[in-house]
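Please read the following description alongside the sequence and the coordinates. It goes from the overall division of the chain to a sheet, and then to individual residues and charged pairs.

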Amino acid sequence: MPRERRVVIVENLLTPTELRKKICEALLVVLGVPSVLFIPSHLCATFPFSTDYALVVDVGYTETLAIPVAEGVVMLSSWEISNIGAMKLENRVRELLEKYGLVEKCERLCGIGEEEWNIIKEEANIIEEICARFAFCCPRERGLAIQTFGDQHGFPPIKSVKVPLGTDFLIVPGFVREAACEVFFENSDDDSSLQQIIHSIVEKCPLDLRKLMFKSILLIGGSTLIPGFLSRLKEEIVELAKSSVSKTRQCESVRFYRFPNQANESYLAWIGGSMLGSLQEPVQVRSVSRETWMKEHILPDWTDYVAYGIPCGKSELDR
């Protein structure tokens with residue numbers, strides 16, 4: 001029964017306070033649960049690895065949000081955000097298909113017509129399937145050539161693949177497969193690339209943490225499971241560090257946390273949340289109780305608990 005269970009909510013770091021208050025009101029007042037605990041998803045993702053330090057990079061659908069974690073504290077002064085994500089990858093695939101895609105009809109190849117595009121738009125999973133199954137990140141040298149020269153990059157071609165499209169087949173050229181993921185690593189005036197985000201965060205960290213953060217990168221999000229993603233990102237991070245001697249020394253060793261079962265890496269935050277929920281004492285101490293909420297309507301952030309080490313509900317003077 002809801003009235004007998006404490007609730008742990010794994011939340012986005014940028015969740016508006018008003019939304020959090022409405023959730024509290026619904027759970028504590030309407031449903032009558034004993035307590036509610038909000039915890040940042042970036043922090044939860046570190047629990048399965050039993051680590052106190054990590055640079056957590058969440059490559060989501062609409063954006064990439066990255067923040068360092070040190071001693072169980074999300075370092076809010078060092079977070080970075082960019083508009084690159086799975087949605088931008090899907091948009092890039094559409095753009096490339098418009099230019100290079102083909103349709104096989106009765107063993108005859110032709111361009112993608114309006115009828116075929118209508119099928120692709122109606123069945124959104126076609127683009128998603130291309131991103132998940134056929135896209136990959138190529139090595140940095142080849143990637144830079146693709147960014148500079150396009151399909152005339154001069155490297156050996158990649159094999160095309162067929163995707164069912166109604167009664168026909170959509171031909172996804174090899175260039176589309178290898179070029180789409182460049183969206184994560186391109187240098188742009190509008191959006192920071194992944195390697196730029198990571199370097200920017202490390203520069204904001206204290207000196208004694210910078211080298212450690214390069215050794216403790218934790219990637220979450222389905223896009224990070226694309227073949228070649230980690231090796232390409234490592235290349236980009238190391239190459240960007242060559243701009244200064246100090247960065248090169250800090251970046252001598254770039255390491256990533258990896259889960260034994262990669263299929264579960266998309267759910268690291270939820271796995272961490274369930275691990276926390278199984279521990280009674282931390283949940284009880286750091287939760288917002290129904291009595292406190294009804295009396296004071298105070299909803300502190302996770303960092304408030306870390307800073308003061310006391311249960312919710314005490315005034316600033318008491319703290």
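The paragraphs below take up domains, a sheet with its helices, one proline and several salt bridges in turn.

The model is predicted. Its domain assignment gives three parts: domain 1 covers 2-42 + 269-308, domain 2 covers 52-84 + 191-256, and domain 3 covers 86-184. Domain 1 and domain 2 are each listed as two separate stretches of the chain. Taken over C-alpha atoms, the centres of domain 1 and domain 3 are separated by 44 Å.

Three strands make up an open sheet, arranged in the order 1-2-12 with mixed pairing. Strand 1 (7-11) and strand 12 (288-289) are the edge strands; each has a single partner strand, so one side of each has no neighbour in the sheet. Strand 2, residues 35-40, pairs with strand 12 in the antiparallel sense, over two bridges. Within this arrangement, Ser35 is found opposite Ser289 of strand 12. Helix 1, residues 17-30, packs on the sheet and touches strand 1, strand 2 and strand 12. The direction of helix 1 makes about 150° with that of strand 2. Helix 12, residues 268-277, lies across strand 1 and strand 2, and runs at about 155° to strand 1. As for what holds such strands together, strands of a sheet pair through backbone hydrogen bonds, in either the parallel or the antiparallel sense.

Is Pro300 buried or exposed? Its relative accessible area is 7%, and because the cut-off for buried is under 20%, Pro300 counts as buried. The C-alpha atom of Pro300 is separated by 9.6 Å from that of Arg286, and the two residues are 14 residues apart along the chain.

The remaining topic is charge pairing. Side chains of opposite charge can pair when their charged atoms come close. How many salt bridges does the structure hold? There are 15 salt bridges in the structure.

One of these joins the side chains of Glu95 and Arg92, at 3.8 Å from N to O. Both residues belong to helix 3 (residues 86-100) and lie three residues apart, about one turn of the helix. Glu95 counts as partly exposed at 49% relative accessibility, while Arg92 counts as buried at 18%.

Another salt bridge is formed by the side chains of Arg142 and Glu178, at 2.5 Å from N to O. Which side of the burial cut-off does Arg142 fall on, buried or exposed? Arg142 has 11% relative accessibility and counts as buried. Glu178, at 1% relative accessibility, counts as buried as well.

A further salt bridge pairs Glu265 with Arg258, whose closest N and O atoms are 3.2 Å apart. Glu265 is buried, at 1% relative accessibility, whereas Arg258 is partly exposed, at 27%. Beyond such pairs, salt bridges with shared partners connect Arg140, Glu182, Arg232 and Glu236 into one network.

Conventions. Residues numbered from 1 in each chain as written. Predicted model: local features only at pLDDT ≥ 70, side-chain atom pairs only at ≥ 80, totals over all residues. Heavy atoms only, no water. Buried < 20%, exposed > 50% of the residue type's maximum accessible area, 1.4 Å probe, protein only. Pairing = 2+ DSSP bridges. Helix = DSSP H or I, 4+ residues; strand = E, 2+ residues; numbered from the N terminus. Contact = heavy atoms within 4.5 Å. Axes fitted to C-alpha atoms, helices over the stretch in contact; angles between N-to-C directions. Salt bridge = Lys/Arg side-chain N within 4 Å of Asp/Glu carboxyl O. Domains from an automatic or database assignment.
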